[in-house]
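Please look over the sequence and the 3D view before reading the points below.

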Amino acid sequence: MSLAARGVVWWRVASDAAGDGVSDAPAEIDALLEWKAELDRRLGDVAVAGVQGALDLQRRLDTLLGGLSDDELARMDAQVLRLRAWLDEAAAHLEALRRLKALYRS
């Protein structure tokens with residue numbers, strides 16, 4: 001289930017000993033605000049503009065990846081890993097050639 005599909009969040013104030021559930025509300029609201037501030041800070045650390053930015057990013061990813069099957073994504077991931085390994089090997093060969101060239105010049 002995507003995050004966008006969870007459009008409604010219900011908040012229930014737990015009943016306190018008196019049974020009215022109101023006396024804990026300020027502390028619970030403060031805790032919720034602190035949690036949101038920390039979440040916004042963490043999202044900002046990864047260049048996402050708060051909760052709305054995270055939801056926008058999630059919608060964009062759903063749009064981008066929604067038409068791809070898990071098998072297609074797994075094949076692409078494997079292909080990227082193979083390409084990365086090939087590039088790492090090519091870089092190692094180039095470095096070996098640089099060292100050989102340096103030895104030849106000496």
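Predicted model: local features only at pLDDT ≥ 70, side-chain atom pairs only at ≥ 80, totals over all residues.

Residues are numbered from 1 along each chain as its sequence is written, and side-chain values use heavy atoms, with hydrogens and water left out.

**Overall make-up**

- The chain has 3 helices and 0 strands; helices (H or I, at least four residues) and strands (E, at least two) are DSSP runs, numbered from the N terminus.
- Read from the N terminus, the order of elements is α-α-α.
- The chain has 106 residues, and 8% of them count as buried. Buried means under 20% relative accessible area, exposed means over 50%, and partly exposed lies in between (1.4 Å probe, protein chains only).

**Where α1 meets α2**

- The axes of α1 and helix α2 (residues 50-65) come within 8 Å and cross at roughly 55°. Axes are lines fitted to C-alpha atoms, for helices over the stretch in contact, and angles run from 0 to 180 degrees between N-to-C directions.
- The two helices α1 and α2 are therefore oblique to each other. Angles under 35 degrees count as roughly parallel, over 145 as roughly antiparallel, 65 to 115 as roughly perpendicular, and the rest as oblique.
- On the α1 side, L39, D40 and L43 meet G50, V51 and A54 of α2; contact means heavy atoms within 4.5 Å.
- Sorted by class, this contact of α1 with α2 has 4 nonpolar, 1 polar and 1 charged residues. Ala, Val, Leu, Ile, Met, Phe, Trp, Tyr, Cys and Pro count as nonpolar, Asp, Glu, Lys and Arg as charged, and the others, Gly among them, as polar.

**Salt bridges**

- A salt bridge is a side-chain nitrogen of Lys or Arg within 4 Å of a carboxyl oxygen of Asp or Glu, and the count by this rule is 7.
- K36 and D40 form one of them, at 2.6 Å from N to O. Both residues lie in helix α1 (residues 25-45), 4 residues apart, about one turn of the helix. K36 is partly exposed, at 38% relative accessible area.
- D45 and R41 are joined by a salt bridge of 2.8 Å, N to O. They are 4 residues apart in helix α1, or about one helical turn. D45 counts as exposed at 55% relative accessibility, and R41 as partly exposed at 42%.
- R98 and E95 meet in a salt bridge of 3.3 Å, N to O. R98 counts as exposed, at 51% relative accessibility, whereas E95 counts as partly exposed, at 35%. Both lie in helix α3 (residues 70-105), 3 residues apart, about one turn of the helix.
- Salt bridges with shared partners link E38, R41, R42 and D45 into one network.

**Residue D40**

- D40 is found in helix α1 and is partly exposed, with a relative accessible area of 24%.
- Apart from its neighbours within four places in sequence, D40 is in contact with G50 and V51.
- From D40 to Q52 there are 12 residues in sequence and 9.6 Å in space, C-alpha to C-alpha.
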